[in-house]
Each structure stands twice: as structure tokens, then as C-alpha cells.
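Please look over the chain shown below with its charge pairs and its helix packing in mind. The briefing that follows is grouped by topic.

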Amino acid sequence: MRTSYNLLRSRFRRCHYHAAAYRSLSVVFAKPDHHPPPVVPSFPHPSKPKQFVLLAFNDHRFPCHRSFFTRAKAAQKIEFNDRHSQRAVKTALWCNFLVFSLKFGVWLASSSHVMLAEVVHSVADFANQALLAYGLSSSRRAPDAIHPYGYSKERFVWSLISAVGIFCLGSGATVVNGVQNLWIAQPPENMQYAALVICGSFVIEGASLVVAIQAVKKGAASEGMKLRDYIWRGHDPTSVAVMTEDGAAVTGLLIAGASLVAVNVTGNAIYDPIGSIVVGNLLGMVAIFLIQRNRHALIGRAMDDHDMEKVLHFLKNDPVVDSLYDCKSEVIGPGFFRFKAEIDFNGEMVVQNYLKRTGRGEWARQFREAAKKKDDTALMNIMSDYGEEVVTALGSEVDRLEKEIQNLVPGIRHVDIEAHNPPTEIQ
């Protein structure tokens, strides 16, 4: 990550007497084993020789605008470790197409209302898997000027559209069909074919469900979450959507089989449309669950409390950080986050770290030589150069904090650190 300091440097040149920079100069002349004494405002007396009294100016006398530190990375294609999700989607896509073909043939032969509900269910499932597959592909597009954080949230968008499709096409159509035929239902014909297709579909959908469950388990393990927590709060919606839809499909087949058995045993055809209504309500519950889950991700859900606490604990215990303000996080993709914080930096520690790397003696020598000159030009030039070095040192500390935050929580792909300027009372 590279930091742009042009704005900061131009502001610093216009604010030579910025108090934080001048207080940090006292570190140059402080004894290595002692902290510099508290700064007391003072001004040079005309009869006294020139001293380094400029180091003691208070913040409110020479205010400067707040500095912002932003990071920019070269656009690159976002890579996800989602082979398990891809496998689950592809398996479900082909299984749903095969099941649809079987159900459609049996519905033409039997005219069963519950089989029509299952045909509509398979059509909805096939369309939804196609939407999920498209979401997987489009979410890998590289960031651009319009979408600087990438397109990884497209997974949530297409999962939400898929859930709406389940609710409207799957749930709505099957419930309406069942209600319309409650009082005019006739016993289905060729029920033996319907039973065979239900058994075959159960095997196919069951195999797809097993693949989806394995994908969810792998996703939960990769994020260090329990299976139940991952289903509700996991960052990859695709495998969860496939699992819930396949689970609803298997349950729907059991309901369809039970309704046909009831019609065959009792001779009462009303169990056929009742089964259709039950399947429709099942699909509605699945759709509401998926809609709610993806809605939370799209409106800006924060990352897990455990990860957030690790980052905040690290920052609070870092020597260059005095205080933290307005710390926020947001999920920007499956397992990817953005973290933002305003930090009140400890200028003394920033300068001490810088002097440890570059050496204290050379700066002290330059300041002493500048102080011997009759005018302030040399002193102002060296202070301006030193101020730029302080800004660069602060940028180095920001880089260090960002790298350590990303090492602490690898899912954090973007770190936005802003230098906070606490308000001061004007005396």
C-alpha cells in the first residue's frame, strides 16, 4: 500500500508552527533515557539570545486542518476460495434439471395438483441455481473506478433475487394452485408413475443436498464458526442458499409422497391440493429466511464481534495510539471486510520511533547550527524539512498498523485510518 502525502505536505508547509510538529522537536534534544518535560507556552524576550522557544507553542495558536490518510491498491481480480460453493451450485443445477424433466413427464401423465406444485418448484429451483451461478461469476470482477471495493456483494444481490423468485414463483404459484383445487380436486391418474418419480427425485435431490451440506461445513470451518452460526451469519450466501433450497426440495418430495399415499388409501382427493398448499408454505418460509439473510449483508453488516474485538485490542495497546474514535467495519464480500478508524496518534512516540531509525544526533546538529545564524531563515527551513519527515514517519506508522491489522484478521482487505484531531479549547 502506498500513501499519498502531497496534500499533507502542502498543508504542513502552510502551517510551519503546527504545535504537534514543534512539540515533537523537543524529542530531538531530549535525553534518550528520559521523556521530554511538559511543554509550557513561552515567547522569546527581545534582550535574550535566541533559543528554541518555538517548540513550545500551543495547538490553538496555529491551527491546521485535519490530516487524512488513505490507501489505494492496484485493481486486481478478486479470488475466492469457493470451490465448494461452485461444486454445490453446479451439482444442484444439473440435478434440478433432471428432476424437472421427470416431474414434468409424470405431471402430464397423472394431472396431479401436488405434482404440478413439484414441477413449479423444480422450475424455480433451476432458475435460482442459474442466478446463483451467475452471481458467483460476476462477483469475481476486478474493482474499478465506479466500484473501488469490487463486486463481491453481487453474490448477495443474486441470492436475494433468487429468494424473491422462490417466494413469488415457487411459493405463490403452488399455494394459489392448491387453494383453487380444494373443492374440485379429482384423484390423480397413474399414481404409480408419480410414486416412482418421487422416489427417483428424492434420490437425486438427496445427493445434491449432501453436496450442499458438505459445502456449508467447509465454509463454516474456513471461517471458524459452528455450522448453525454459519447458516445464520456466514459470509458466503451461495452454499447456504443451495442447501436450504435442496432441503426444501427433499422435504417437498416427502410431502408430495405422503399426500399421494393419503389419496390412495382414503380415496379422498382433497389431500392432493392440501399437499400443494403445504409445499407452497414450506417454500415461502425458505424464501423469507434467505431474503432476511441477504438483506442484512446488503445494508452493511459489521464483521463478527470476535474479530472486531481483536483489532480494537491491538490498536488500544499500540504505543503510537493515544485514543480511538469512530471505529467501524463492514462486510464487503464473503469473508472480506473493510475496517475504518479515527486515531489520535501519540506524536511523541511517533517521533521517538522515527529517531530510533534515523538517529537523533544529526538532527540536533542541524538545529544547533541553524540557531547560530542571525536570522530565522535557516531555522525555518530545517524545521520545515523536519516537519515533512514527521509526516512521513506518521505515514509509516499508519502502514505498519494496517499491515498488522490485516495479519491479525486476514479477511480485512481494506483499512482506512484517519488521523483524529481532538477539539481544543481556545483560550
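Is Arg233 buried, partly exposed or exposed? Arg233 counts as partly exposed, at 37% relative accessibility, where buried means under 20% relative accessible area, exposed over 50% and partly exposed in between, with a 1.4 Å probe and protein chains only. This is a predicted model, in which local features need pLDDT of at least 70 and side-chain atom pairs count only at pLDDT 80 or more, while totals for chains, interfaces and linings use all residues. Residues are numbered from 1 along each chain as its sequence is written, and side-chain values use heavy atoms, with hydrogens and water left out.

**Salt bridges**

- The count comes to 15 salt bridges, a salt bridge being a side-chain nitrogen of Lys or Arg within 4 Å of a carboxyl oxygen of Asp or Glu.
- Arg233 forms a salt bridge with Asp304, with 3.3 Å between the closest N and O atoms. This pair links distant parts of the chain, 71 residues apart, with Arg233 in helix α7 (residues 227-233) and Asp304 in the loop between α9 and α10 (305-316); helices (H or I, at least four residues) and strands (E, at least two) are DSSP runs numbered from the N terminus.
- Asp304 is buried, at a relative accessible area of 19%.
- Arg141 pairs with Glu154 in a salt bridge whose closest N and O atoms are 2.2 Å apart. Because Arg141 lies in the loop between α4 (113-138) and α5 (154-180) and Glu154 in helix α5, the pair ties together parts that are 13 residues apart in sequence.
- Arg141 is partly exposed at 39%, whereas Glu154 counts as buried at 15% relative accessibility.
- Arg400 and Asp318 meet through their side chains in a salt bridge of 2.9 Å, N to O. Here too distant parts of the chain are linked, 82 residues apart, with Arg400 in helix α13 (residues 377-408) and Asp318 in the loop between α10 and β3. Salt bridges that share partners join Asp318, Arg357, Glu397, Arg400 and Glu404 into one network.

**Helix packing**

- Helix α6 (residues 191-222) and helix α8 (residues 237-266) pack at an angle of about 160°, with their axes 8 Å apart. That makes α6 roughly antiparallel to α8, since angles over 145 degrees count as roughly antiparallel, under 35 as roughly parallel, 65 to 115 as roughly perpendicular and the rest as oblique.
- Ser259 is found in helix α8 and counts as buried at 6% relative accessibility.

**Backbone**

- Asp326, in strand β3 (residues 321-333), has a positive phi of about 50° although it is not a glycine, and Asp326 counts as partly exposed at 36% relative accessibility.

Methods. Axes fitted to C-alpha atoms, helices over the stretch in contact; angles between N-to-C directions.
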